[in-house]
2 protein chains.
Amino acid sequence: MEMGMREPFLRRRTMNTASQLAVVGADVSPIESLDYEIVENDLYKQDWRSRKKVQIFQYVVLKWTFALLIGLATGLVGFFSNLAVENIAGFKLLLTNYLMLKERHREAFLAYAGCNLILAAAAAALCAYIAPAAAGSGIPEVKAYLNGIDAHSILAPSTLFVKIFGSICGVSAGFVLGKEGPMVHTGACIANFLGQGGSRKYHLTWTWLRFFKNDRDRRDLITCGAAAGVATAFRAPVGGVLFALEEAASWWRSALLWRTFFTTAVVAVTLRAFGEYCRSGKCGLFGGGGLIMFDLSSTATSYSTPDLIAVVFVGAIGGIFGSLYNFLVDKVLCTYSIINEKGAPFKILLTVTISLLTSCCSYGLPWLAKCTPCPLGLHEHCPTVGRSGNFKNFQCPQGHYNDLASLFLNTSGDAIRILFSSGTDNEFYISSLFVFFTAIYFLGIVTYGIAVPSGLFIPVILAGASYGRLVGSLLGTICGLDKGLFALLGAASFLGGTMRMTVSVCVILLELTNDLPMLPLVMLVLLISKTVADGFNRGVYDQIIIMKGLPYMEAHAEPYMTNLVAGNVVSGPLITFSSVERVANIMHALKVTGHNGFPVVDEPPFSDAPELCGLVLRSHLLVLLKGKTFTKDRVLTGPAEVYQRFGAFDFAKAGSGKELKFEDLAIDEEEMEMYVDLHPVMNRSPYTVIETMSLAKAAVLFRELGLRHLCVVPKTPGRPPIIGILTRHDFMPEHILGLFPQLKHQN
Amino acid sequence: MEMGMREPFLRRRTMNTASQLAVVGADVSPIESLDYEIVENDLYKQDWRSRKKVQIFQYVVLKWTFALLIGLATGLVGFFSNLAVENIAGFKLLLTNYLMLKERHREAFLAYAGCNLILAAAAAALCAYIAPAAAGSGIPEVKAYLNGIDAHSILAPSTLFVKIFGSICGVSAGFVLGKEGPMVHTGACIANFLGQGGSRKYHLTWTWLRFFKNDRDRRDLITCGAAAGVATAFRAPVGGVLFALEEAASWWRSALLWRTFFTTAVVAVTLRAFGEYCRSGKCGLFGGGGLIMFDLSSTATSYSTPDLIAVVFVGAIGGIFGSLYNFLVDKVLCTYSIINEKGAPFKILLTVTISLLTSCCSYGLPWLAKCTPCPLGLHEHCPTVGRSGNFKNFQCPQGHYNDLASLFLNTSGDAIRILFSSGTDNEFYISSLFVFFTAIYFLGIVTYGIAVPSGLFIPVILAGASYGRLVGSLLGTICGLDKGLFALLGAASFLGGTMRMTVSVCVILLELTNDLPMLPLVMLVLLISKTVADGFNRGVYDQIIIMKGLPYMEAHAEPYMTNLVAGNVVSGPLITFSSVERVANIMHALKVTGHNGFPVVDEPPFSDAPELCGLVLRSHLLVLLKGKTFTKDRVLTGPAEVYQRFGAFDFAKAGSGKELKFEDLAIDEEEMEMYVDLHPVMNRSPYTVIETMSLAKAAVLFRELGLRHLCVVPKTPGRPPIIGILTRHDFMPEHILGLFPQLKHQN
């Protein structure tokens with residue numbers, strides 16, 4: 001590299017050809033950026049000045065009411081979804097168990113696989129025909145939304161509907177998938193639904209709701225929603241807050257921490273109240289609903305050096321398995337997206353195939369296991385009589401149990417509980433654990449990506465727990481730790497290896513298992529597995545975001561950006577408006593370009609020399625043109641007329657699907673030749689950088705302030721007052737490395 | 001308010017008279033801003049290009065090694081400090097107890113008060129003569145540092161020394177103060193010590209250390225240090241991370257979360273290892289060192305509606321008490337700072353007075369309590385034989401105990417443990433609890449502010465716990481919750497009411513008490529008390545920061561800033577340099593102003609018209625002038641000569657007290673008339689805003705990017721290329737409201 005890197009590049013004014021499409025859920029969907037900047041135009045200032053104390057009070061009250069409602073609704077949905085899953089899956093398992101006890105093996109398989117198939121097909125049909133955006137975990141989509149990427153149907157009510165019912169069917173169908181990721185998406189959808197600013201169609205146009213018609217407030221609501229989702233899924237209120245903070249949110253402030261915390265506290269109270277109600281047996285097969293799902297409370301509070309070595313080993317190997325998991329999920333997803341693109345029937349076919357594979361595995365593999373005589377002196381029945389229990393009889397004679405069947409023919413939650421249980425060191429054969437681990441590991445990989453709402457947490461925890469227990473059993477008496485604790489550490493290592501979250505996973509596991517004294521061990525395992533896995537690839541959600549083509553802005557600038565300046569990556573052609581512009585020009589620009597922001601230049605006679613006056617948004621232009629505040633001559637109308645005709649809320653961002661479109665405008669020939677004054681609606685203070693500003697610094701500015709448009713102004717006077725506009729796509733590595741391929745080899 | 005708010009103001013070019021002094025610890029000290037911006041000058045780019053993979057590897061290794069060392073060192077200091085306190089205070093209490101059992105009451109008082117007096121005087125003397133910056137909690141100072149405010153001695157090694165030993169003496173002296181706040185400051189000092197980039201004096205000039213000679217990396221280290229401090233103080237690793245995130249840090253990113261988490265994990269392991277060692281009785285009077293200080297593990301896992309009402313009540317009243325606490329602490333601090341300003345002897349005198357008051361209260365008040373017969377069937381001795389226990393005999397006959405003495409004549413940790421203990425509902429009289437609560441509440445208030453390292457956590461928890469237990473006892477049988485749980489909730493309500501932290505306090509309490517099922521109740525109490533207290537005043541640390549005059553930048557812009565533009569608050573006179581400037585001009589500017597950044601303007605013949613070229617820092621100018629790369633004529637020297645003479649690290653920020661000063665320069669008459677080329681050392685990409693940019697948006701830009709200087713450029717061409725520079729002081733409410741007093745009435 002030579003010095004003066006900046007100069008040798010040819011200034012290339014190419015169009016930015018970065019794709020404006022991305023895969024959302026299972027379908028390709030157009031994407032847009034969100035606008036977090038406050039548009040400080042005359043109308044905003046006028047409105048801001050006239051805003052009274054009472055309106056601020058309304059806003060604050062509503063903000064907290066929404067936080068309460070998000071918590072309540074997410075908690076309720078989570079409870080309902082749990083109830084449904086436990087009852088549907090419970091009925092299916094009871095039926096299978098009953099037929100097995102009667103030795104009607106073929107019928108048992110048909111009943112089991114049939115139920116699974118019907119449920120799977122229902123889930124896939126819902127997903128394929130009603131809301132393809134509901135497929136998959138949803139966490140990558142929510143993460144992208146909170147980074148400023150909006151896709152039309154990502155948080156729509158139909159997505160919410162399918163996410164809830166598709167998830168219930170999918171989990172009940174016995175797939176190796178969780179309802180935890182979908183719960184996060186569900187929480188976000190509920191929050192988005194509240195943030196729509198009411199609906200004219202259903203006469204919900206309460207004026208208070210208008211305050212939330214902007215992307216900033218919606219972002220806050222959706223952050224709360226994501227936290228509520230995790231809090232509901234794991235009954236872990238603190239873990240939910242930390243998840244939102246560590247993984248989901250791109251922008252964060254202390255006030256939001258506090259509101260998110262309130263939301264998850266509401267979730268905790270809601271879940272607890274309903275749990276109390278169900279404990280008395282009024283909820284069918286749905287049992288206890290305490291705050292702690294898997295009560296470990298291990299008795300061993302001390303550990304020795306060999307134990308620590310074993311723990312380090314578990315962490316390191318877990319990290320490798322975790323990164324391999326990410327790698328394979330990525331490959332499988334690429335393959336599946338080809339199939340999914342072919343249309344709804346193919347999606348259903350794929351889902352049904354995976355369902356059959358899963359049924360065959362979970363019914364077929366237990367036949368490999370030996371029968372074990374029931375241990376003596378148990379509190380519970382052996383073999384298991386009811387729906388769930390550690391000792392499924394399966395094909396074994398009376399007084400014996402099949403350990404592999406206990407794992408396979410249970411809901412995932414129960415299987416994890418069995419694996420985590422302490423004092424059960426000899427309950428499982430090493431071979432059974434090995435078979436179970438292998439099956440779950442690969443089933444989890446092939447299941448993610450089918451057109452069904454499917455979380456990654458549960459498959460990863462399940463595989464990790466069986467891996468941990470397997471290692472614990474292999475180590476045998478060398479290591480004094482309980483096998484249940486090993487399962488916990490194995491689950492932690494897999495979570496660290498795939499999701500690469502640390503503090504939030506740690507707290508979630510803590511809240512799940514109530515095992516505080518083991519905190520240092522869990523921390524150690526997470527640190528090791530994350531470090532090891534980071535050596536191979538990215539976290540699973542980041543990988544999926546990249547694979548789906550969502551233009552995610554990282555918090556840091558890429559190293560090669562230091563060698564470039566803002567002017568290098570500006571792409572043209574730039575369309576600017578004069579501050580009092582002919583209507584026809586605006587109409588033409590709106591028609592032929594898809595730009596969302598246009599710089600406005602003050603020209604003589606309105607100023608001495610051309611100068612950058614502000615930035616006007618496409619949506620605001622549409623409202624302004626619709627209002628037809630035109631003049632015959634090229635004169636300043638001043639803001640008074642605009643104030644008269646519009647309120648600030650007319651320019652507020654409408655709910656999804658309710659924006660004005662270009663086609664809605666009806667401008668006649670005569671009006672086309674008239675002029676419109678853009679001063680009142682343009683953002684007078686757009687953020688600007690000088691063309692010679694280092695691109696790395698411009699990227700930091702863009703990302704930290706959550707911008708959509710960043711104006712690039714010339715350094716030397718005497719040139720046009722604006723050179724170009726930087727958007728999210730201009731900072732994407734694909735675009736920059738496409739312009740300057742030589743940078744690729746440098747890194 | 002009229003429209004066009006922007007125009008009517010007269011542009012006033014007044015000097016910014018905001019104070020550059022603040023109270024740090026107990027003394028007034030000059031302050032400076034920290035510089036988080038990457039200075040992208042030619043040297044940096046050259047260095048960045050020549051940086052090899054191995055150097056990046058060195059940097060990463062060192063980063064993690066430092067995190068490890070911070071964790072280890074903070075853990076060790078915390079352990080040592082605990083050990084010392086337990087032994088010193090234990091000896092003192094044992095002696096008093098022994099004399100009381102022998103009925104030698106006067107001697108007991110003299111011994112008790114005498115020990116306290118000597119320890120208090122020692123602590124005050126250390127603090128007054130060696131490091132006044134070590135007085136107080138230190139959390140406000142660390143918080144201000146992490147916001148970008150540096151005061152010379154705030155994190156110096158002498159401060160570290162006094163913080164450790166002063167804290168040991170102060171806590172042992174029986175003051176109502178904690179060692180938790182000081183532990184945070186200690187952690188930050190240790191981190192800062194590591195981040196100094198070595199020391200030439202002690203031949204610690206390892207090249208690897210150079211990477212940390214900048215404010216960004218030091219900030220990260222100190223964030224880790226603060227987290228390690230909390231983790232050590234409360235043995236709460238997750239709580240430590242959350243504290244750093246919620247309260248301490250102003251800038252945060254996911255990578256830092258992960259490093260902070262590692263640091264606190266190291267702390268947890270260190271403390272555990274030493275705790276195991278001490279459990280076998282090798283540490284004198286220092287007993288168990290488990291991870292959980294107060295094991296509550298309450299048996300009651302369900303609660304009814306009356307319980308919830310009681311909890312809401314506890315939270316609301318706790319919030320009021322908490323905000324009153326803040327109000328009184330603020331008043332007392334103002335009074336004390338007048339006394340402290342008079343000099344060291346006055347500081348010591350004040351401390352000794354408070355010590356005597358504390359001794360009188362804790363020895364005198366127990367005489368008011370009735371003697372209670374020992375309950376039957378106890379596991380422990382009654383009356384207490386050893387150092388700590390629930391049943392201090394005091395003046396009572398054999399077989400009886402004095403409940404008030406058990407609270408007063410114990411270390412604060414033991415007193416909290418007694419208050420939190422469950423199944424001890426009838427151990428305390430309501431009158432005793434009332435006396436204890438009142439005494440501790442007011443002693444806590446008058447103790448903070450004396451020239452001794454003094455934390456606020458323990459006094460607040462102690463007062464809160466006694467308040468909670470008092471409420472629980474008053475409610476009697478109406479409410480079924482355990483009195484120990486009430487104490488916990490009372491402590492939570494006081495913490496929420498004073499510190500206004502939510503998630504971190506919640507997790508710290510969780511980790512302290514191991515009482516996960518009570519999480520929703522603790523959350524509820526915290527939410528209520530914080531909400532109530534926020535209605536009255538700010539959090540205690542924020543109040544102290546304001547009282548001390550530290551120019552803290554809030555994350556949000558003040559509402560009145562929307563009415564102003566950046567040009568309104570720029571203060572002059574502005575000194576600019578030409579890109580090739582006469583040495584004498586630079587020397588003059590450095591001499592007569594205290595500015596830390598000077599804009600550089602390219603003028604003909606180096607450009608066609610005057611244009612802003614960059615920003616040069618005072619520290620870089622000093623290094624450049626010291627190097628004497630001058631030329632006789634006004635010509636560009638180009639970067640080559642500078643590369644030859646300097647490395648990038650010569651311009652790196654030196655450790656505190658090691659910077660070049662103006663007085664170190666020796667420029668003779670002839671050199672004064674020579675020229676120096678500023679191009680190679682100036683920051684070519686300073687962040688700029690246009691003068692008409694809304695001040696609110698400029699403030700957000702300044703705060704989010706952690707800037708020290710923000711250049712204001714003119715909107716119209718044909719004027720000088722730079723109008724002024726905005727610094728932290730220009731955004732302070734005092735300055736802005738001083739310029740535009742009419743804004744004050746608006747809000």
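Start by selecting Arg235(A), which is found in the loop between helix H7 (215–234) and helix H8 (237–248) of chain A; helices here are DSSP runs of H or I with at least four residues, strands are runs of E with at least two, and both are numbered from the N terminus. Before going further, note that this is a predicted model, in which local features need pLDDT of at least 70 and side-chain atom pairs count only at pLDDT 80 or more, while totals for chains, interfaces and linings use all residues. Residues are numbered from 1 along each chain as its sequence is written, chains are lettered from A and ligands numbered from 1 in the order in which they are written, and side-chain values use heavy atoms, with hydrogens and water left out.

Stay on Arg235(A) and look at its backbone: phi is positive, at about 50 degrees, although the residue is not a glycine. With a relative accessible area of 11%, Arg235(A) is buried, where buried means under 20% relative accessible area, exposed means over 50%, and partly exposed lies in between, using a 1.4 Å probe and protein chains only.

Next, select Glu103(A), in the loop between helix H2 (53–101) and helix H3 (105–130) of chain A. Phi of Glu103(A) is near 65 degrees, again a positive value in a residue other than glycine, but Glu103(A) counts as exposed, at 56% relative accessibility.

Which residues does Leu117(A) touch, not counting residues up to four places away in sequence? They are Val352(A), Ser355(A) and Leu356(A), a contact being heavy atoms within 4.5 Å. If you then draw a distance from Leu117(A) to Asn426(A), which is 309 residues apart from it along the chain, you will find their C-alpha atoms separated by 35 Å.

Now select strand S8 (residues 597–602) of chain A together with S9(A), which pair in the antiparallel sense over six bridges; two strands count as paired if DSSP finds at least two bridges between them. Within this pair, Asp602(A) has Glu611(A), in S9(A), as its bridge partner. Strand S9 (residues 611–617) of chain A is mostly covered, with seven of its seven residues buried.

Follow the chain into the loop between S8 and S9 of chain A, where Pro605(A) lies, and look at the cis peptide bond that joins Pro604(A) and Pro605(A), with omega about 10 degrees. Then turn to chain B, where Pro605(B) lies in the loop between strand S8 (597–602) and strand S9 (611–617), and where the peptide bond from Pro604(B) to Pro605(B) is cis, with omega near 10 degrees.

Finally, zoom out to the whole of chain A, which has 27 helices and 13 strands. The radius of gyration of chain A is 29 Å, close to the 27 Å that the globule rule gives for 747 residues, so chain A is as compact as a globular protein of that length; the radius is taken over C-alpha atoms, and the rule is 2.2 Å times the number of residues to the power 0.38. Along the principal axes, the C-alpha atoms of chain A fill a box of roughly 95 × 65 × 50 Å. Buried residues make up 63% of the 747 residues in chain A, and, among contacts between residues at least 6 apart in sequence, 79% join residues at least 24 apart.
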